[in-house]
Amino acid sequence: MRYVIGGISLPYTAEESEFLEIGKKYMKRAANAALFRFGIAKRSVDARKKNDIRIVCSVFCETDCFIDAKTEARLEKVGFRRADSDIAPPQHGEETLGARPLVVGAGPAGMFCALILAENGYSPILIDRGGSVEERAERSERLRATGELDTETNIQFGAGGAGTFSDGKLTTRINNPLCSLVLRHMFENGAPEDIMKKAKPHIGTDILRDVVSNILDRVKQLGAEVYLNTRLDKIDKNADGTLTARTSRGDILCGCAVMAIGHSARDTYSMLMEKGYMLTPKPFSVGVRIEHLRADIDRALYGDAAGDPRLGAAEYNFSYTKGERGVYTFCMCPGGEVVAAATEEGGVVVNGMSRRLRDGVNSNSAINVSVFTDDYGNTVDGAISYQRALERAAFCAGGGKFYAPVETVGDFLDGKLRSEPTRVAPSYMGGERYKVADLGALFPEYITSSLKRGISSFGKRLEGFDAPDAVLTGVETRTSAPVRILRNEAGVTDRCDRVYPCGEGAGYAGGIMSAAVDGISVAYKIIERFK
């Protein structure tokens with residue numbers, strides 16, 4: 001049995017043993033502490049007061065002994081709560097599958113769906129239109145060096161999905177016990193052990209690449225087949241209830257198909273609509289990346305403690321909700337860089353990435369503004385066209401060859417283009433492919449004005465956020481899927497009850513953790529239904 005007590009706050013210089021001792025003291029008020037094993041459950045930094053930075057920990061205690069109701073009541077009275085127990089896999093269903101399950105997409109949702117299916121004996125087939133992690137890294141470097149984009153293998157498409165080339169953040173707002181299962185699998189496949197403890201865990205893209213490869217290897221060891229560089233072109237239903245997936249590799253017979261396609265598979269969205277599947281437009285957001293010197297952000301948040309390895313690189317998270325549209329920071333990458341995330345010729349898309357040590361010169365994050373369905377005509381085609389128009393405008397503003405448009409914060413706020421970046425150098429494409437341009441002219445006025453209000457507001461909350469020499473790079477358009485592939489309570493589409501929309505690309509997740517959890521949940525539905 002495991003119990004957790006939270007809210008133990010000590011100066012950031014405190015050792016882990018000091019937190020455990022406090023946990024033991026609370027335990028002694030309710031039970032014999034010698035019967036329990038103690039450890040750190042979660043750890044976070046509280047930097048609200050720069051002159052008194054704290055570490056806040058939750059301490060767990062566990063025992064193999066029987067805990068009676070009276071003792072448990074005393075534990076609860078002093079602040080311990082029973083921790084969530086592991087979720088048992090569902091029982092196998094009775095319906096005949098007819099062929100192996102197919103999982104389309106090897107991002108977090110698809111990988112974890114395939115992993116759980118493989119662990120439970122279903123021998124799935126996992127495909128992805130993009131290549132291996134190594135191939136993706138090579139194509140990314142080719143894009144930086146030559147301006148040549150591979151539209152199939154890139155930062156969005158391939159093993160691990162878009163998250164592989166990010167920060168490897170494992171934070172989420174969902175409160176689902178399956179999150180602990182995701183973290184455990186990540187750790188068992190090479191992620192650092194501290195992801196099990198940190199309130200805001202991250203792996204780093206350099207480590208995450210190995211984790212992704214290890215998970216895919218594990219899936220294959222468990223009896224699955226993995227085919228990369230394999231694009232789904234069409235899916236047909238057969239008379240016996242099975243499906244035939246028409247792919248760039250050839251036809252694949254499958255008993256069911258999980259559509260974990262990712263948020264950038266625009267051609268797959270079109271194919272599904274042509275086949276009669278119901279897709280609906282949904283709100284999303286667009287914006288830019290902002291870059292500051294990491295040292296400036298560390299100092300603004302940590303004061304004299306900036307640079308202390310016990311604190312690491314500083315993170316922020318802001319939102320501005322006054323007015324019609326929300327403005328918020330997203331995917332903050334301390335000590336990271338802005339990366340090229342395009343999937344189509346003639347369109348520039350940016351994202352953020354940082355490595356495990358987060359020791360780069362700059363820190364960056366997205367600043368996004370809400371886009372409503374009314375803004376693009378309440379249609380799926382309108383949603384994709386809205387994104388694509390911004391990406392093409394950015395491509396033109398950069399002058400081609402996937403150069404990105406950049407602008408200093410001072411010029412953007414003033415509405416006057418006059419400055420080259422100076423103290424803060426753009427990191428996009430290694431600082432080699434950018435052009436100074438008027439970012440405000442790329443967006444509709446309501447987006448530009450919202451960005452300006454948000455930046456000014458965040459500058460009042462964090463010293464230097466709106467510094468004139470900070471740098472903006474555009475455009476960020478792929479923060480989430482602009483559409484949703486409708487599914488019912490059984491997890492399947494009304495068009496075909498053997499097609500399971502899944503993950504961020506289907507409109508049911510937003511980030512590595514929530515996508516992975518949705519992948520596991522879909523796998524459980526398949527297990528509960530089929531033999």
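Leaving aside its neighbours within four places in sequence, with which residues is Tyr428 in contact? In this predicted model, Tyr428 contacts Val338, Val339, Ala340, Val348, Val350, Phe402, Tyr403, Ala404, Arg433 and Thr473, where contact denotes heavy atoms within 4.5 Å. The model is predicted, so that local features need pLDDT of at least 70 and side-chain atom pairs count only at pLDDT 80 or more, whereas totals for chains, interfaces and linings use all residues. Residues are numbered from 1 along each chain as its sequence is written, and side-chain values use heavy atoms, with hydrogens and water left out.

Tyr428 is among the residues with the most contacts inside the largest nonpolar core, together with Phe19, Met27, Met259, Tyr316, Phe402 and Phe443. This core has 110 residues; a nonpolar core is a set of buried Ala, Val, Leu, Ile, Met, Phe, Trp, Tyr and Cys residues joined through side-chain atoms within 4.5 Å. Buried stands for under 20% relative accessible area, exposed for over 50%, and partly exposed for values in between (1.4 Å probe, protein chains only). Helix H9 (residues 380-398) gives the most to the core, with eight residues. Helices (H or I, at least four residues) and strands (E, at least two) are DSSP runs numbered from the N terminus. A second, separate core has 54 residues, including Leu97, Ala106, Leu117 and Val182.

Helix H7 (residues 266-274) packs with H9 at an angle of about 160 degrees, and their axes are 11 Å apart. Axes are lines fitted to C-alpha atoms, for helices over the stretch in contact, and angles run from 0 to 180 degrees between N-to-C directions. The angle therefore makes H7 roughly antiparallel to H9, a term for angles over 145 degrees. On the H7 side the contact is made by Arg266, Tyr269 and Met273, and on the H9 side by Val380, Asp381, Ile384, Gln387, Arg388 and Glu391. By class, this contact of H7 with H9 has four nonpolar, one polar and four charged residues; Ala, Val, Leu, Ile, Met, Phe, Trp, Tyr, Cys and Pro count as nonpolar, Asp, Glu, Lys and Arg as charged, and the others, Gly among them, as polar.

Within H7, the residues Arg266, Thr268, Tyr269, Met271 and Leu272 are buried. Their cover includes H9 as well as strands E8 (232-237), E11 (256-259), E12 (279-281) and E22 (483-485). Gly276 follows H7 and has a positive phi, near 95 degrees. In the loop between E11 and H7 lies Ser264, which counts as buried at 4% relative accessibility. Not counting residues up to four places away in sequence, Ser264 touches Gln156, Phe157, Thr343 and Arg478.

Helix H3 (residues 108-119) and helix H6 (residues 205-221) cross at roughly 30 degrees, and their axes come within 9 Å. Met111, Phe112, Ala114, Leu115 and Ala118 of H3 meet Val212, Ile215, Leu216, Arg218 and Val219 of H6. The residues of the contact of H3 with H6 divide into nine nonpolar, no polar and one charged.

In helix H8 (residues 294-302), the buried residues are Ile297, Asp298, Ala300, Leu301 and Tyr302. These pack against strands E2 (37-46), E13 (284-293), E15 (327-333) and E18 (362-371). H8 is followed by Gly303, with a positive phi near 60 degrees.

Note on methods. Parallel < 35°, antiparallel > 145°, perpendicular 65-115°, else oblique.
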